[in-house]
Amino acid sequence: MAAPSGSLPLFGGLGLRPPRPSDQAFLLQLFVESRPWLSLAGDDRDMLQALYEQQYAALRAGLETAYPEHLDFILERTGQAVGRVLIDLGRADWRLSELQVAAAARGKGIGTDLVRSLQAAAERVRLPITLSTPMVGATDGRALYERLGFRVTAVRPPHYAMAWSPPGVPLPPAAGAGLVAG
C-alpha cells in the first residue's frame, strides 16, 4: 500500500481521527443531510428515521464490501467534528470513496482544504486520486472537484467518475463501462 511516510499534514486547521461509538448520531446526521431526496418518501417521522437508518446501514455494508481496506475518519476543524472522509490508499491510486461535510460547516473551505491536503500527499508518492460524485444532491461535488484539478473520466448515471493526477503521472483509466467524457 502506498502511503506517505510520517504524518499527513492537513491544511486549514483540519485534523483526522478514527470514528468513536459516540460519533454515530453525527454520522447518521451527515448521511441525512447528504440525501435530502429520501425525505420525499413520506411525512411520518418514525418511518423516515427507519428509512434513513436502513439506508445508512446499507451504505456502510456496501462500502465495507467495495473498499475493505479503506480508512474511515472523522474530519475535525479545531477539535470540532465537521465531516467524514473514507479513503482507500491503494497501490495504483488513492480512492476517495466518501467525503461529507456537515451542512453547518459547508462553504468554509473545509472540503477544499482536505482535498488539497490529500493531493499534496498523493503528489509526494506520485499516485492519482480517483472518486465518484453524484450528478444531483445537496452540493455540486463535480464543480468543487473540477476547481481542484479533477477531470471527469466517465459518466455513469447517477455519478461522475473523476480523477486527479500529480504532474507527469497519467490519469488512471476509468474502470467499468461508461461514457468517457471529453
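**Loops, packing and charges**

Mentor: Start at Pro-158, which sits in the loop between strand S6 (151-156) and strand S7 (159-164). Keep in mind that this is a predicted model.

Trainee: What is the peptide bond from Pro-157 to Pro-158, cis or trans?
Mentor: That bond is cis, with omega near 10°.

Trainee: Which residues have a positive phi without being a glycine?
Mentor: Thr-78 is one of them, with a phi of about 50°. Arg-126 is another, at about 55°.

Trainee: Where are they?
Mentor: Thr-78 is in the loop between S2 and S3. Arg-126 is in the loop between helix H3 (110-125) and strand S5 (129-134).

Trainee: Is Thr-78 buried or exposed?
Mentor: Exposed, with a relative accessible area of 72%. Arg-126 is partly exposed, at 44%.

Trainee: OK, zoom out. How many helices and strands does the protein have?
Mentor: There are 4 helices and 7 strands. Along the sequence the pattern runs β-α-α-β-β-β-α-β-α-β-β.

Trainee: How much of the protein is buried?
Mentor: 42% of the 182 residues count as buried. The exposed surface comes to about 9700 Å², and carbon and sulfur atoms supply 56% of that area.

Trainee: And the contacts, what share join residues at least 24 apart?
Mentor: 60%, counted among contacts between residues at least 6 apart in sequence.

Trainee: Let's do helix H1. Which residues in H1 are buried?
Mentor: H1 covers residues 24-34, and its buried residues are Leu-27, Leu-28, Leu-30, Phe-31 and Ser-34. Viewed down the axis of H1, they fall within an arc of 155°, so they line one face of the helix.

Trainee: Why would spacing like that put residues on one side?
Mentor: An α-helix has 3.6 residues a turn, so residues three or four places apart point the same way.

Trainee: What do the buried residues of H1 pack against?
Mentor: Their partners are helix H2 (45-66) and the strands S2 (71-77), S3 (80-89) and S4 (94-101).

Trainee: What about Tyr-145 and Phe-150, how do their rings sit?
Mentor: Their centres are 5.5 Å apart and their planes are at 65°, so that pair is edge-to-face. Tyr-145 counts as buried at 7% relative accessibility. Phe-150 is buried too, at 2%.

Trainee: Which residues do ring pairs link into a cluster?
Mentor: Phe-31, Tyr-52 and Tyr-56.

Trainee: What lies over the face of Tyr-160?
Mentor: Arg-142 does, at 4.5 Å from the ring centre.

Trainee: Switching to charges. How many salt bridges does the count come to?
Mentor: It comes to 6 salt bridges. One is between Arg-60 and Asp-72, with the closest N and O atoms 3.1 Å apart. Arg-60 is in helix H2 and Asp-72 is in strand S2, 12 residues apart, so to speak two distant parts of the chain.

Trainee: Which other arginine meets Asp-72?
Mentor: Arg-84, in a salt bridge of 2.7 Å, N to O. This pair also links distant parts of the chain: Arg-84 is in strand S3, Asp-72 in strand S2, 12 residues apart.

Trainee: Arg-84, buried or exposed?
Mentor: Buried, at 1% relative accessibility. Arg-60 counts as buried at 16%. Asp-72 is buried as well, with a relative accessible area of 17%. The cut-off for buried is under 20%.

Trainee: Last one. What does Arg-17 pair with?
Mentor: The side chain of Arg-17 meets that of Asp-23 in a salt bridge, 2.7 Å from N to O. Arg-17 is buried at 11% relative accessibility, and Asp-23 is buried at 6%.

Trainee: And which residues are linked with them in a network?
Mentor: Glu-76 joins Arg-17 and Asp-23 in a network of salt bridges.

Note on methods: Residues numbered from 1 in each chain as written. Predicted model: local features only at pLDDT ≥ 70, side-chain atom pairs only at ≥ 80, totals over all residues. Heavy atoms only, no water. Buried < 20%, exposed > 50% of the residue type's maximum accessible area, 1.4 Å probe, protein only. Contact = heavy atoms within 4.5 Å. Areas by Shrake-Rupley, 256 points an atom, 1.4 Å probe, with all protein chains shown as cover. Arc of directions from axis to C-beta. Salt bridge = Lys/Arg side-chain N within 4 Å of Asp/Glu carboxyl O. Phe/Tyr/Trp six-rings, centres within 6.5 Å; stacked < 30°, edge-to-face > 60°. Lys NZ or Arg CZ within 6 Å of the ring centre and 35° of its normal.
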